[in-house]
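Hello,

Here is the structure I promised to pass on to you.

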Amino acid sequence: ICVCVANVRFRLGPKQTKMKDTEEFQLPLVKYYAKNHPAAKVQQRSANILGGSRNILSRQLAFYEFLVLDGRRVTVSELGMKAPNSLVQTKFNDCYYVGQVTKILTHRQAEVPGQTALVQVKWFVPFKEIDEEVSPWKD
């Protein structure tokens, strides 16, 4: 699951690596751009498109160790490593969900303004027993 970090104030930590993407990110990125930037018409590199202009998915991804979101440090949880700061919660359609962040990355794509920040979440499950009154992040 890749989640866009949009319309939210955050700061990225130090860049961990910059690399060419793998198959793991191609389809999620193409789906993200199709939904959020349909005019860009981003295509997978393996797409066989005849004629017209092609906007092939850029290969460059930058990965980060952490991000700071609303004053809270969210750390990447790597395989075999426990990172309690990798757990996040969000609210969709009046339901809270919790998940575990496994990757924080940025991507630039032709015909899409700026840089896209994405968070890969290993799992996202509904969390029904939350008490909004005791949340330390409530405004």
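Let me begin with arginine 72: its relative accessibility is 21%, so it counts as partly exposed. For that wording, buried means under 20% relative accessible area, exposed means over 50%, and partly exposed lies in between, with a 1.4 Å probe and protein chains only. Arginine 72 belongs to strand E8, and its C-alpha atom is 8.6 Å from that of asparagine 85, which is 13 residues away along the chain.

Before you go further, please keep in mind that this is a predicted model, in which local features need pLDDT of at least 70 and side-chain atom pairs count only at pLDDT 80 or more, while totals for chains, interfaces and linings use all residues. Residues are numbered from 1 along each chain as its sequence is written, and side-chain values use heavy atoms, with hydrogens and water left out.

**The overall picture**

The protein has one helix and eleven strands. Read from the N terminus, the order is β-β-β-α-β-β-β-β-β-β-β-β. Helices (H or I, at least four residues) and strands (E, at least two) are DSSP runs, numbered from the N terminus. Of the 139 residues, 32% are buried. Among contacts with a separation of 6 or more, 63% are between residues 24 or more positions apart; a contact here means heavy atoms within 4.5 Å. The accessible surface is about 9,400 Å², and carbon and sulfur atoms hold 52% of that area. Those areas come from the Shrake-Rupley method with a 1.4 Å probe, and for residues only the protein chains shown count as cover.

**The sheet around E8**

Which strands does arginine 72's own strand sit with? Strand E8 is part of an open sheet of three strands, ordered E2-E7-E8 with antiparallel pairing. Strands E2 (10-12) and E8 (72-75) are at the edges with a single partner strand each, so one side of each has no neighbour in the sheet. From one strand to the next, the twist averages 25°; axes are lines fitted to C-alpha atoms, for helices over the stretch in contact, and angles run from 0 to 180 degrees between N-to-C directions.

Three antiparallel bridges connect E2 with strand E7 (residues 66-69), and arginine 11 stands opposite valine 68 in E7. Two strands are said to pair if DSSP finds at least two bridges between them. As a reminder, strands of a sheet pair through backbone hydrogen bonds, either parallel or antiparallel.

There is also a side-chain feature to look at here: the charged end of arginine 73 sits over the ring of phenylalanine 66, at 3.5 Å from the ring centre. A charge sits over a ring if NZ of Lys or CZ of Arg is within 6 Å of the ring centre and within 35 degrees of the ring normal.

**Strand E10 and its partners**

Strand E9 (residues 87-92) pairs with strand E10 (residues 95-107) in the antiparallel sense over six bridges. Threonine 90 has tyrosine 97 as its bridge partner, and lysine 91 stands opposite tyrosine 96. The hairpin of E9 and E10 has two residues between the strands, and asparagine 93 takes a positive phi near 50° there.

E10 also runs antiparallel to strand E11 (residues 116-126), with nine bridges joining them; threonine 106 stands opposite alanine 117 in E11. Leucine 61, in strand E6 (residues 60-64), stands opposite histidine 107 in E10.

**Aromatic pairs**

The structure holds three aromatic pairs. In one of them, the ring centres of phenylalanine 25 and phenylalanine 63 are 5.7 Å apart and the planes are at 55°, so the pair is tilted. Rings of Phe, Tyr and Trp (its six-membered ring) pair if their centres lie within 6.5 Å; planes under 30 degrees apart are stacked, over 60 edge-to-face, and the rest tilted. This pair links distant parts of the chain, with phenylalanine 25 in helix H1 (residues 23-36) and phenylalanine 63 in strand E6, 38 residues apart. Phenylalanine 25 is buried at 4% relative accessibility, and phenylalanine 63 is buried at 7%.

Tyrosine 32 and tyrosine 33 form an edge-to-face pair, 5.1 Å centre to centre with 70° between the planes. Both of these tyrosines are buried.

Best wishes
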